[in-house]
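User: I have a structure open and want to talk through its contacts. Can you walk me through them?

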Amino acid sequence: MKVCIAEKPSVAREIADVLGATERKNGYIEGNGYQVTWTFGHLCTLKEPHDYAPEWKRWALSSLPMIPPRFGIKLISNPTYEQQFKVIESLMQKADMIINCGDAGQEGELIQRWVMQKAGAKCPVFRLWISSLTEEAIREGFQQLKEQAQFNKLYEAGLSRAIGDWLLGMNATRLYTLRYGQNRQVLSIGRVQTPTLALIVNRQAEIEHFKPEPYWELKTIYRNVTFSATKGKFTRKEEGETFLEKVKEKDFTVTDISVKKGKEYAPRLFDLTSLQVECNKKFAFTADNTLKLIQSLYEKKVTTYPRVDTTFLSEDIYPKVPGILNGLADYAELVTPLKGTKLPKSKRIFDNTKVTDHHAIIPTGVPARNLTDNERKVYDLVARRFIAAFYPDCEISTTTVLGKVGDIDFKASGKQILKPGWRTVFATEP
């Protein structure tokens, strides 16, 4: 029997449907030669300090630093997790083959490897590596299963990060709490949370100590166009008034007019961070809210894997682009101009050297139905970015006019859109 282990029950159900496993059991789904089971994210974690040495249970400076001779894992203390692990353990010990269907990334690899280690899995293990949960992607992934050994370095990277977090968190938290907590509070220290908190604290300190400084600018209006003195800002009002006296009642002479035509490229596709930034700017969503929404869209099969750090696509996605665009039924008006044309294969979009585990976040082409209002907002951003990437560049014209009043130079510039190109995609945003 082939045992497939997914990271969530919802993902397991999608995989089981594609594999033809339909018989629901306690903690797994069986059929067609497969048993599809699942975790609930992390089932296992690194052991606590007292699991290595009883004396480490008491917080004392004399016990620091705590460095176990060898790190171990244990089940998270939770009745539901423990019950599900027993199911997984039983399946794996009888399996002929295990297929790791965890999220295709560093954390997903770590989560599943720990479970397999704890379960004592001995049979061959293969890896399902997919970026979306569409039926096509799952079928293609199972046709191209990879050897587990190919992902050893990914697992080792995740394990190293987890051990580093443990060493810093356990030791530094105890150190700072004992030294500065004054027996009243725990001062939690972490690899991510501490520098992030420091950024916030430092920024708040800058705001509180900010001292506004007035400045003055010298401007003049000529034929309904505002020109600014190229001298820039004056930190002293008297200095600005001195320049003003020089130009009063004098003629304004245009000395040069230049027109420069250029192009503006479509914004890059989204990685998780840029999507979180955009959602915060447009909808005031927190980073965590955006992550939950895009994760939900991924599980609903309408967008690709969300925890990515690249804005590029791998070149093997290019042949699939027309199909994805055709599937965006709600955006037919925007997609129609692209039909029947050769879509650009720009290095700004497709670059294998810029893609590691996963490509940028894009729609899958599966109809986006039954979305919440907030999910629809996030999906709309992803879909429009993807469509815009294949539109022509926006052509612009920038006009710069230089003028002179006495011996003082002035400048004005303006931009005109000649051909909107990709901007058309955003002209009808809700």
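User: How many salt bridges does the count come to?
Analyst: The count comes to 26 salt bridges. A salt bridge here is a side-chain nitrogen of Lys or Arg within 4 Å of a carboxyl oxygen of Asp or Glu. This is a predicted model: local features need pLDDT of at least 70, side-chain atom pairs count only at pLDDT 80 or more, and totals for chains, interfaces and linings use all residues. Residues are numbered from 1 along each chain as its sequence is written, and side-chain values use heavy atoms, with hydrogens and water left out.

User: Which residue does Lys301 meet in a salt bridge?
Analyst: Lys301 meets Glu14, at 3.0 Å from N to O. Lys301 is in the loop between helix 10 (287-299) and helix 11 (321-326), and Glu14 is in helix 1 (residues 9-19), so the pair ties together parts 287 residues apart in sequence. Helices are DSSP runs of H or I with at least four residues, strands are runs of E with at least two, and both are numbered from the N terminus.

User: How accessible is Lys301?
Analyst: Lys301 is partly exposed, with a relative accessible area of 24%. Buried means under 20%, exposed over 50%, and partly exposed in between, with a 1.4 Å probe and protein chains only.

User: Next, Glu264. Which residue forms a salt bridge with Glu264 at 2.9 Å?
Analyst: Lys415 does; 2.9 Å separates the closest N and O atoms. Lys415 is in strand 14 and Glu264 in strand 12, so this pair ties together parts 151 residues apart in sequence.

User: And which side chain meets Glu264 at 2.5 Å?
Analyst: That is Arg423, again N to O. Arg423 lies in helix 14 (residues 423-426) and Glu264 in strand 12, so parts 159 residues apart in sequence are tied together. Arg423 counts as partly exposed, at 30% relative accessibility.

User: Which residues do salt bridges with shared partners join into one network?
Analyst: Glu109, Arg113 and Arg127.

User: How many bridges join strand 13 and strand 14?
Analyst: Strand 13 (residues 394-405) pairs with strand 14 over 11 bridges, in the antiparallel sense. Thr399 stands opposite Gly414 in strand 14. The hairpin of these two strands has 2 residues between them, and Gly406 there takes a positive phi near 65 degrees.

User: What about strand 11 and strand 14, how many bridges?
Analyst: 2 bridges join strand 11 (residues 225-229) to strand 14 (residues 408-419), and the strands run antiparallel. Ala229 faces Phe410 in strand 14.

User: Now rings. How many aromatic pairs are found?
Analyst: The whole structure has 19 aromatic pairs. Rings of Phe, Tyr and Trp (its six-membered ring) pair if their centres lie within 6.5 Å; planes under 30 degrees apart are stacked, over 60 edge-to-face, and the rest tilted. Among them, Tyr34 and Phe142 are edge-to-face, at 6.2 Å centre to centre and 85 degrees between the planes. Tyr34 is in strand 4 (residues 34-38) and Phe142 in helix 5 (residues 135-143), 108 residues apart.

User: Are Tyr34 and Phe142 buried or exposed?
Analyst: Both are buried.

User: Which residues do ring pairs link into a cluster?
Analyst: Tyr222, Phe227, Phe252 and Phe410.

Technical notes
Pairing = 2+ DSSP bridges.
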